[in-house]
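Reader: I'm new to this one. Could you show me how to read its features, step by step?

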Amino acid sequence: MPTASVLDSLNEEQRAAAGHVSGPALVLAGAGSGKTRTVVHRIAHLMDAHEVYPQQILAVTFTNKAAQELKERVEGLVGPAAREVWVSTFHAACLRVLRTYGSNVGLESGFGIYDDGDQLDVLKEILKSVAGLEDANPRALRAAIDRAKSHLWTPEVYAERAAERYGAVVSGMEVEQIVEVFARYEQRLKQQNAVDFNDILGRTVELFDHHPDVLDRVQQRAVFMHVDEYQDTNAAQYRLTRQLSESYRNLMVVGDPDQGIYAFRGADVQNILDFQRDFEDAQTYRLELNYRSVPPVLKVANAVIAQNSDRLDKVLKPTKDDAEPVRIHQAADHRAEADFVARMVEQELAASGGDLNRFAVLYRTNSQSRVLEESLRRAGLETRIVGGVGFYERREVKDALSYARAALNAQDDVSWRRVINRPKRGIGDTSVEHLTRFAQRHGVPFSAAVNRHEEVLKGTAAGKKVQAFAELMQDLQEASASLPAGKFLAYLLDVTGMIEALKQEGSFEAQGRLENLDELRTAVEEWESEHGGSIAEFLDESALMASVDDSAVKAVNQGEVPSDAVTLMTLHNAKGLEFPVVFLVGLEEGLLPHRSSTGSLREVEEERRLLYVGLTRAEEALYLVHCDQRMTFGRTEPARVSRFVEDVPPALLRYVDAFGEATGRTAGRPKLGGLTWRSPALSQEPAGGTRAPAPGGAYKGGETVRHPKFGEGKVVGVSGSGAKTELTVVFPEVGAKRLLVKFAKLERVH
DNA sequence: TCCATAGTTCTTTTT
DNA sequence: GAACTATGGA
């Protein structure tokens with residue numbers, strides 16, 4: 001007797017997976033195959049047809065954004081009951097467990113979370129006192145320690161494993177020394193009642209290992225468990241998954257081995273490949289029908305990923321109608337590349353309308369975003385940058401939150417030392433050094449040394465100032481306990497003198513910082529009115545949030561980031577998202593694959609998967625761009641098209657010129673010269689002076705020209721030659737424009 | 001103690 | 001090119 005089911009709207013593949021009820025299941029879901037849709041419907045189906053309580057369902061994702069989306073979609077299907085489903089990232093879920101049960105593993109209430117910057121501070125402090133490592137690179141150490149901890153290795157285990165895996169020297173440092181620093185680092189964090197990101201997972205594993213009663217309680221919330229992006233789980237996440245699912249075994253993992261892009265932080269694609277070994281009775285479901293991208297895009301994506309040797313055979317099958325081929329453009333340099341993107345956005349907009357939210361520009365490294373942003377803005381196109389230097393990493397914001405952390409945790413040396421002289425209050429490095437040494441000698445926190453400044457500084461001039469600081473902190477400690485989050489932050493900004501100091505400074509930059517603090521205050525207030533909660537809870541949430549458009553930060557950006565904008569982000573950030581029109585830029589050797597990831601086949605294949613992720617974001621149109629030369633570290637160097645592009649059958653790509661017109665050239669080894677145009681900034685100094693002489697009648701800087709649309713303007717730069725001569729012209733109305741003489745119908749004005 | 005300046009290092013990617 | 005660090009003078 002068939003009745004209407006929530007599964008009716010799914011295709012056959014999806015329905016099979018979503019209809020899975022008990023026991024372990026592996027869902028191999030290709031890009032754009034409706035993975036989230038399947039999970040959402042599965043949850044709804046459990047509640048609907050099998051009377052599973054929402055409180056028994058756990059779904060773990062990798063990003064806050066993915067969690068948010070999943071939550072909303074489940075609610076859309078089953079209504080308010082969905083709010084009882086536990087949807088969370090691994091980190092947020094574990095943090096919640098630790099806040100409740102952390103005392104079982106030596107975490108005192110109010111423990112702090114150290115981000116990358118805090119980690120570096122701790123390491124720098126340690127390096128001062130370890131002989132032979134005075135000038136070791138703290139970043140390299142952090143990388144080594146992070147890697148170890150993502151495998152759940154203690155310093156002792158690391159000593160063994162590192163020796164056998166990498167030999168006696170890692171990144172130019174003796175393994176023995178790394179182990180020494182690692183051990184001290186762990187000790188410091190413990191003393192400071194703080195955890196780093198890896199600890200959030202690692203301590204939870206430890207807690208579950210040693211406290212079966214706690215594990216049992218949490219398992220009750222995970223009777224039906226889902227893990228998204230399972231191919232990106234590291235050892236800690238793998239262990240957590242096993243622990244939480246071991247009693248009920250209703251575990252559904254979803255993922256795509258071809259989209260594993262986090263090996264660098266310990267993720268192991270083997271986890272998903274081994275799922276059937278781990279759970280012999282696992283059902284496997286495959287989703288291969290792609291609903292996202294037009295066939296030309298899928299053909300390129302399939303061709304790229306097929307080059308990987310270490311993978312399951314899988315092809316994305318199109319469901320959409322055929323469309324324009326994937327376009328590829330060779331630009332002279334990063335500025336020309338950015339201008340090309342801006343121009344294509346304008347053209348697409350003119351041709352088919354729609355808004356800027358349809359467009360995304362994806363790149364390998366954050367540093368590529370600057371030029372792209374400039375060009376788009378110059379063309380009058382709004383941009384939205386996802387990720388990058390986060391709001392919470394800006395100095396003034398970090399200072400303000402450090403005050404809050406210091407007030408909440410007297411053992412947090414990193415925060416105390418950070419704020420003691422912010423704003424400048426006459427407590428210099430020497431005094432801080434004295435206080436630090438006193439604290440070390442007596443085995444007490446830095447804050448204790450501050451409170452006992454009379455013993456340390458013996459009534460010197462600095463002593464008076466430290467006295468005032470001690471009183472300030474005392475005051476803040478009390479305020480943090482009595483004031484709600486928003487009021488506390490406002491109070492803090494006031495009494496610490498942060499606002500006052502910036503007002504005094506009066507510079508343009510200080511103005512910006514003031515605005516940021518104001519935004520922070522708004523964010524805290526809005527967060528408080530939405531979720532309620534203390535400043536401590538706000539700190540937790542903001543600590544786990546890197547990306548600019550996650551919930552608590554959204555408020556911050558509402559005034560600033562337009563709702564209609566081109567999205568700019570790294571390829572890593574793009575995973576799970578989709579856009580009608582996608583630009584992949586910087587497809588060059590050294591960038592993709594990145595120069596630091598070409599050492600082994602494993603690394604190169606991960607880079608290829610990264611490209612695959614980027615390609616499969618596009619719904620309707622896809623542009624690939626690479627440059628002849630690229631600036632790195634402020635130096636311009638020749639660049640070659642990525643090997644990944646050369647592997648694509650030329651017939652699948654259509655080369656276009658700077659204006660999007662087909663060049664007739666097919667992909668493959670480009671002829672040098674004549675095909676690209678040059679940006680003025682670089683052509684001022686042609687390499688080797690080989691530039692062809694300008695033909696007679698060429699434009700010169702300083703001349704006035706008339707453009708049919710922009711009116712009269714002044715030539716400020718000339719570059720390229722022959723048919724590719726390009727001018728930079730400043731127009732009074734629209735500002736600087738770059739124009740190809742061949743296309744722009746210019747007239748000389750005398 | 002603070003500030004200006006010159007030098008240096010740096011870029012993968014993120015919860 | 002930018003952000004961070006060391007340095008020397010006020």
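Reader: How much space lies in the second largest pocket?

Author: Start with the idea: rolling a probe the size of a water molecule over the atoms shows where empty space is left. Here, the second largest pocket holds about 1,200 Å³ of space. A pocket is an open set of points on a 1 Å grid over the protein atoms alone, with protein on both sides within 12 Å along at least five of seven lines, and lining residues have an atom within 4 Å of a point. Grid points are joined across faces, edges and corners, and a volume is the space filled by probe spheres set on the points.
Before we go on, this is a predicted model: local features need pLDDT of at least 70, and side-chain atom pairs count only at pLDDT 80 or more, while totals for chains, interfaces and linings use all residues. Residues are numbered from 1 along each chain as its sequence is written, chains are lettered from A and ligands numbered from 1 in the order in which they are written, and side-chain values use heavy atoms, leaving out hydrogens and water.

Reader: What about the loop between helix 18 and helix 19?

Author: Proline 423 is found there, and the peptide bond leading from arginine 422 to proline 423 is cis, with omega near -10°.

Reader: Are Trp86 and Ser88 of strand 3 buried or exposed?

Author: Buried means under 20% relative accessible area, exposed over 50%, partly exposed in between (1.4 Å probe, protein chains only). Trp86 and Ser88 are buried on one side of strand 3, and Val87 and Thr89 are buried on the other. Strand 3 runs parallel to strand 2, joined by 4 bridges; two strands pair if DSSP finds at least two bridges between them. Valine 60 has serine 88 as its bridge partner.

Reader: Which residues are around DNA strand C?

Author: A residue is near a strand if one of its heavy atoms lies within 4 Å of it. Here, those are Lys124, Met631, Phe633 and Gly634. A backbone N or O atom of phenylalanine 633 lies 2.8 Å from a base oxygen of DNA strand C, while a side-chain N or O atom of lysine 124 is 3.4 Å from a phosphate oxygen.

Reader: Where does phenylalanine 633 take its positive phi?

Author: In the hairpin of strand 19 and strand 20, which has 2 residues between the strands, phenylalanine 633 has phi near 55°. Strand 19 and strand 20 pair in the antiparallel sense over 4 bridges.

Definitions and conventions. A polar contact is a pair of N or O atoms within 3.5 Å; within protein, one must be able to donate a hydrogen and the other to accept it, and residues adjacent in sequence count only if both atoms are side-chain atoms. On a 1 Å grid over the protein atoms alone, a cavity is a set of points where a 1.4 Å probe fits but cannot get out, and a pocket is an open set with protein on both sides within 12 Å along at least five of seven lines; lining residues have an atom within 4 Å of a point.
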